[in-house]
Amino acid sequence: MARISLDPPRTPLIRITEWYSRRKYGKVLDPGKAVGHNPKVLMSYARFEQSVAKWKALDPGLKHLAVMVSAARIGCSWCVDFSHWEAEGLGLPMDRIRLVPAWRDHADAFGELELWVMEYAEAMTDTEPTVTDALAGKLLGRLGEPAFVELTAIVAVENLRSRINSALGLTSQGFSDTCAVRPANP
């Protein structure tokens with residue numbers, strides 16, 4: 001159960017945010033409802049997410065794997081749930097996406113670069129981060145500097161999202177219920 005009311009004051013900003021969310025996602029996102037209690041945070045968060053959506057140096061499938069691994073490592077059920085829904089919208093192979101939260105148990109389902117990306121996302125998400133020079137070097141060699149920077153940034157962004165959602169007590173909102181293939185139980 002959320003630690004904050006998901007019923008922010010009905011301001012024009014909240015009504016616009018709800019309209020946009022329903023139009024884009026089919027429902028109002030709980031994180032938007034939660035941060036809606038502080039309009040400046042909501043607006044800053046929305047502008048930030050719009051900017052992040054414009055990053056295109058990293059392959060979308062690799063980016064998605066990094067986001068899912070970070071969310072799973074932190075334990076944000078809301079983010080993992082939403083990531084399954086996003087993956088289906090991106091046309092990613094759902095039979096493999098469902099394995100991402102427990103990717104180490106299913107390493108044979110992923111390619112070498114995918115495994116390195118997931119390992120990197122996990123290492124960045126650890127407290128203290130456990131990124132090694134060797135892993136960073138392998139990724140730089142395969143991705144190039146622009147995509148490597150984007151990978152690093154998207155993992156940091158997902159840490160922000162997942163940590164906010166977890167701290168606010170947000171849990172699965174049922175996005176994965178509409179997916180063709182449901183998440184595996186890790």
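This is a predicted model: local features need pLDDT of at least 70, side-chain atom pairs count only at pLDDT 80 or more; totals for chains, interfaces and linings use all residues.
Student: Let's begin with open space. How much space lies in the largest pocket?

Tutor: First the idea: on a 1 Å grid over the protein atoms alone, a pocket is an open set of points with protein on both sides within 12 Å along at least five of seven lines, whereas a cavity is a set where a 1.4 Å probe fits but cannot get out; lining residues have an atom within 4 Å of a point. Grid points are joined across faces, edges and corners, and a volume is the space filled by probe spheres set on the points. Here, the largest pocket holds about 1,400 Å³. It is lined by 40 residues, and Lys24, Tyr25, Glu49, Glu86 and Arg161 are the closest to its centre.

Student: Which helices supply at least two residues of that lining?

Tutor: Helices and strands are DSSP runs numbered from the N terminus (helices are H or I with at least four residues, strands E with at least two). In this pocket the helices are H1 (12-25), H2 (30-35), H3 (39-52), H4 (60-74), H5 (77-90) and H9 (145-167).

Student: And what is the lining like by class?

Tutor: Ala, Val, Leu, Ile, Met, Phe, Trp, Tyr, Cys and Pro count as nonpolar, Asp, Glu, Lys and Arg as charged, and the others, Gly among them, as polar. The pocket lining has 24 nonpolar, 8 polar and 8 charged residues.

Student: What about the packed interior? Which residues touch the most other members of the largest nonpolar core?

Tutor: A nonpolar core is a set of buried Ala, Val, Leu, Ile, Met, Phe, Trp, Tyr and Cys residues joined through side-chain atoms within 4.5 Å. Buried means under 20% relative accessible area, exposed over 50%, and partly exposed in between (1.4 Å probe, protein chains only). The largest core has 33 residues, and those touching the most other members are Ile97, Val100, Leu139, Leu143 and Leu151. H4, H6 (94-97), H7 (112-125), H8 (133-143) and H9 each supply at least two residues of this core, and H7 gives the largest share, 7 residues. There is also a second, separate core of 10 residues, including Cys76, Trp78, Cys79 and Val80.

Student: Is Asn165 buried or exposed?

Tutor: Asn165 counts as buried because its relative accessibility is 2%. Asn165 sits in helix H9. Contact means heavy atoms within 4.5 Å; leaving out residues up to four places away in sequence, Asn165 touches Pro31, Cys76, Trp78, Cys79 and Leu170.

Student: And how many aromatic pairs are there?

Tutor: Rings of Phe, Tyr and Trp (its six-membered ring) pair if their centres lie within 6.5 Å; planes under 30 degrees apart count as stacked, over 60 as edge-to-face and the rest as tilted. The structure holds 8 pairs. One of them, Tyr25 with Phe82, is edge-to-face, at 5.5 Å centre to centre and 65° between the planes. This pair links distant parts of the chain, with Tyr25 in helix H1 and Phe82 in helix H5, 57 residues apart. Tyr25, Trp78, Phe82, Trp85 and Phe175 form one aromatic cluster.

Student: Finally, where is the cis peptide bond?

Tutor: The cis peptide bond joins Thr127 and Glu128, with omega about -10°. Glu128 lies in the loop between H7 and H8.

Definitions and conventions: Residues are numbered from 1 along each chain as its sequence is written. Side-chain values use heavy atoms; hydrogens and water are left out.
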